[in-house]
Amino acid sequence: MTLTTDPTDSDLAGETQVGGTARSEWVAVCTKKQLIPERGVAVLVGGQQVALFRVTSAAGDDFVYAVGHRDPFADANVIARGIVGSVGAGDDQRDTVASPMFKHVFELATGLCLTDPSERLPVYRTWIAGGVVYVNPVPVDPAPVP
């Protein structure tokens with residue numbers, strides 16, 4: 001999940017909210033320019049290893065996804081080294097990453113494992129302001145599996 005609004009300096013004062021979370025809780029991890037499109041990078045956020053992915057849509061829109069770096073099947077921190085791709089087409093297209101260990105495919109927006117729905121990666125909210133990528137250290141509550 002990505003919030004791409006660029007707040008003014010006055011928005012940064014006090015306890016303003018982004019997606020229901022105080023901005024003081026967000027962690028600056030890198031600049032957007034440091035993220036290579038379609039590649040992952042591991043960052044440390046609140047003591048947790050998080051994998052960041054900058055994905056460019058067919059329309060040219062950039063998204064920065066943040067998911068847990070630990071592969072639940074291999075019990076290894078390797079997700080940032082996975083292969084970025086997508087499933088579906090048009091409005092049903094979903095961005096994915098395939099783990100480099102056992103090639104399980106995870107949806108980046110929800111963390112759901114598409115090859116074995118019994119597992120999922122934690123998903124973190126991202127926010128881009130002034131070219132800096134921020135990650136909230138609290139994972140998003142998972143949506144129920146249909």
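Two residues are in contact here when they have heavy atoms within 4.5 Å of each other. By that rule, Ile79 in this predicted model touches Phe53, Val67, Phe106 and Leu121, among other residues, not counting residues up to four places away in sequence.

**Nonpolar cores**
- The largest nonpolar core has 14 residues, and Phe53, Val67, Ile79 and Leu108 touch the most other members.
- Strand 6 and strand 7 are the elements that give two or more residues to this core.
- Strand 6 has the largest share of this core, with three residues.
- Another core, of 12 residues, lies apart from it and includes Val43, Val45, Val50 and Ala66.
- In soluble globular proteins, nonpolar side chains tend to be buried together.

**Contacts of Ile79**
- The contacts of Ile79 also include Ala51, Val97 and Ser99.
- Gly68, His69, Arg70 and Asp71 are also among the residues that Ile79 touches.

**Largest pocket**
- The volume of the largest pocket is about 260 Å³.
- This pocket is lined by 18 residues, and Ser57, Ala58, Gln93, Arg94 and Asp95 are the closest to its centre.
- Strand 6 (48–56), strand 7 (62–68), strand 10 (83–87) and strand 11 (94–98) each supply at least two lining residues.
- Strand 10 gives the most to this lining, with three residues.
- The lining consists of seven nonpolar, six polar and five charged residues.

**Second largest pocket**
- The second largest pocket has a volume of about 160 Å³.
- Of its 11 lining residues, Thr110, Val123, Val140, Asp141 and Pro142 lie nearest the centre.
- Its lining has eight nonpolar, one polar and two charged residues.

Conventions:
Residues are numbered from 1 along each chain as its sequence is written. This is a predicted model: local features need pLDDT of at least 70, side-chain atom pairs count only at pLDDT 80 or more; totals for chains, interfaces and linings use all residues. Side-chain values use heavy atoms; hydrogens and water are left out. On a 1 Å grid over the protein atoms alone, a cavity is a set of points where a 1.4 Å probe fits but cannot get out, and a pocket is an open set with protein on both sides within 12 Å along at least five of seven lines; lining residues have an atom within 4 Å of a point. Grid points are joined across faces, edges and corners, and a volume is the space filled by probe spheres set on the points. Helices (H or I, at least four residues) and strands (E, at least two) are DSSP runs, numbered from the N terminus. Ala, Val, Leu, Ile, Met, Phe, Trp, Tyr, Cys and Pro count as nonpolar, Asp, Glu, Lys and Arg as charged, and the others, Gly among them, as polar. A nonpolar core is a set of buried Ala, Val, Leu, Ile, Met, Phe, Trp, Tyr and Cys residues joined through side-chain atoms within 4.5 Å. Buried means under 20% relative accessible area, exposed over 50%, partly exposed in between (1.4 Å probe, protein chains only).
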